[in-house]
Amino acid sequence: MSRPELVLASASPRRIELLALVGITPDRVDPADIDETPLKDETPPRLAARLAMSKARAVAERSPDAVVLAADTVVAVGRRLLEKAVDEAEAVRFLKLLSGRNHRVFTGVAVVAEGRLTWRVVDTRVSFKVLSDAEIAAYVASGEWRGKAGGYGIQGRAGAFVTRLVGSYPAVMGLPLPESVNLLAGAGWRAG
């Protein structure tokens with residue numbers, strides 16, 4: 001019996017790279033186009049869960065016979081959400097806010113298989129060192145902040161800002177690996 005097609009509901013190259021680390025190559029990449037606006041009074045972990053589930057459901061409607069994997073990452077300082085910075089000025093504001101502080105990264109992951117939805121949210125605590133204006137300016141000039149929740153990517157130059165991480169490094173990059181593999185296995189999909 002052949003296994004079902006695995007569809008990754010994301011265009012993120014980081015998620016594809018992370019899956020490859022555990023021997024998983026999606027059969028197809030089909031990004032979900034959903035409204036990612038937070039709901040009134042929605043907490044960061046609930047937002048991460050809702051977005052991952054919504055992306056998985058949206059792509060599953062187009063591919064009902066496939067196993068669909070989706071994820072979403074939310075960065076928060078307290079209850080304040082730091083979404084993807086829209087421009088350099090916002091990236092600078094985000095980095096100044098994160099400088100010398102702790103923040104949390106919530107990554108929701110969801111799988112839809114045969115109409116059944118399963119999901120998890122992984123909570124990772126990250127501490128940044130105090131950043132100088134020169135460090136912030138150099139990071140923003142690098143362009144690595146583009147398209148990344150919180151205005152930074154831990155797998156690049158911003159890795160030098162992290163003084164402590166409690167939780168899942170891959171989740172901060174965009175995909176919690178043990179949880180993803182377990183959800184896929186629970187849906188009957190295994191690599192190999």
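Which residue forms a salt bridge with Lys-40? The partner is Asp-41, with the closest N and O atoms 3.4 Å apart; a salt bridge here is a side-chain nitrogen of Lys or Arg within 4 Å of a carboxyl oxygen of Asp or Glu. The model is predicted, so local features need pLDDT of at least 70 and side-chain atom pairs count only at pLDDT 80 or more, while totals for chains, interfaces and linings use all residues. Residues are numbered from 1 along each chain as its sequence is written, and side-chain values use heavy atoms, with hydrogens and water left out.

**View 1. Overview of the protein chain.** The chain has 6 helices and 7 strands, in the order β-α-β-α-β-β-α-β-β-α-β-α-α from the N terminus. Helices (H or I, at least four residues) and strands (E, at least two) are DSSP runs, numbered from the N terminus. Along the principal axes, the C-alpha atoms fill a box of roughly 60 × 35 × 25 Å. Of the 192 residues, 48% count as buried (buried means under 20% relative accessible area, exposed over 50%, partly exposed in between, with a 1.4 Å probe and protein chains only). The chain exposes about 9,500 Å², and carbon and sulfur atoms supply 50% of that area (Shrake-Rupley method, 1.4 Å probe). Among contacts between residues at least 6 apart in sequence, 67% join residues at least 24 apart; contact means heavy atoms within 4.5 Å.

**View 2. The nonpolar cores.** A nonpolar core is a set of buried Ala, Val, Leu, Ile, Met, Phe, Trp, Tyr and Cys residues joined through side-chain atoms within 4.5 Å. The largest has 40 residues, and those with the most contacts inside it are Leu-69, Leu-95, Phe-128, Tyr-152 and Leu-184. Leaving aside residues up to four places away in sequence, Leu-184 touches Leu-6, Ile-24, Val-67, Leu-69, Val-111 and Trp-189. A second, separate core of 14 residues includes Met-53, Ala-56, Val-59 and Ala-70.

**View 3. Helix α1 and its cover.** Helix α1 spans residues 13-21, and its buried residues are Arg-14, Arg-15, Leu-18 and Leu-19. They cover an arc of only 135 degrees around the axis, which puts them on the same side of α1; the arc is that of the directions from the helix axis to the C-beta atoms. The elements covering these buried residues include β1, β3, α5 (169-173) and α6 (177-186). An α-helix has 3.6 residues a turn, so residues three or four places apart point the same way.

View 4. In α4 (residues 133-142), the buried residues are Ile-136, Tyr-139 and Val-140. Their arc around the axis is only 95 degrees, which puts them on the same side of α4. Helix α3 (88-98) is among the elements that cover them. The exposed residues Ala-134 and Ala-141 sit on the face turned away from the buried side. Just after α4, Gly-143 takes a positive phi of about 80 degrees.

**View 5. Salt bridges.** A search of the whole structure finds 11 salt bridges. Side chains of opposite charge can pair when their charged atoms come close. Glu-5 and Arg-28 meet through their side chains at 3.0 Å, N to O. This pair links distant parts of the chain, with Glu-5 in the segment before β1 (6-8) and Arg-28 in strand β2 (residues 28-29), 23 residues apart. Glu-5 is partly exposed at 32% relative accessibility, and Arg-28 is partly exposed at 30%. Both belong to a network of salt bridges that links Glu-5, Arg-28, Asp-30 and Arg-62.

In the bridge between Lys-40 and Asp-41, Lys-40 is exposed at 74% relative accessibility and Asp-41 is exposed at 59%. The side chains of Lys-55 and Asp-72 form a salt bridge of 2.6 Å, N to O. Lys-55 lies in helix α2 and Asp-72 in strand β3, so the pair ties together parts that are 17 residues apart in sequence. Both Lys-55 and Asp-72 are buried.

**View 6. The loop around Asp-65.** Asp-65 lies in the loop between α2 (44-62) and β3 (67-77). This residue is exposed, with a relative accessible area of 73%. The C-alpha atoms of Asp-65 and Pro-44 are separated by 31 Å, and the two residues are 21 apart along the chain.
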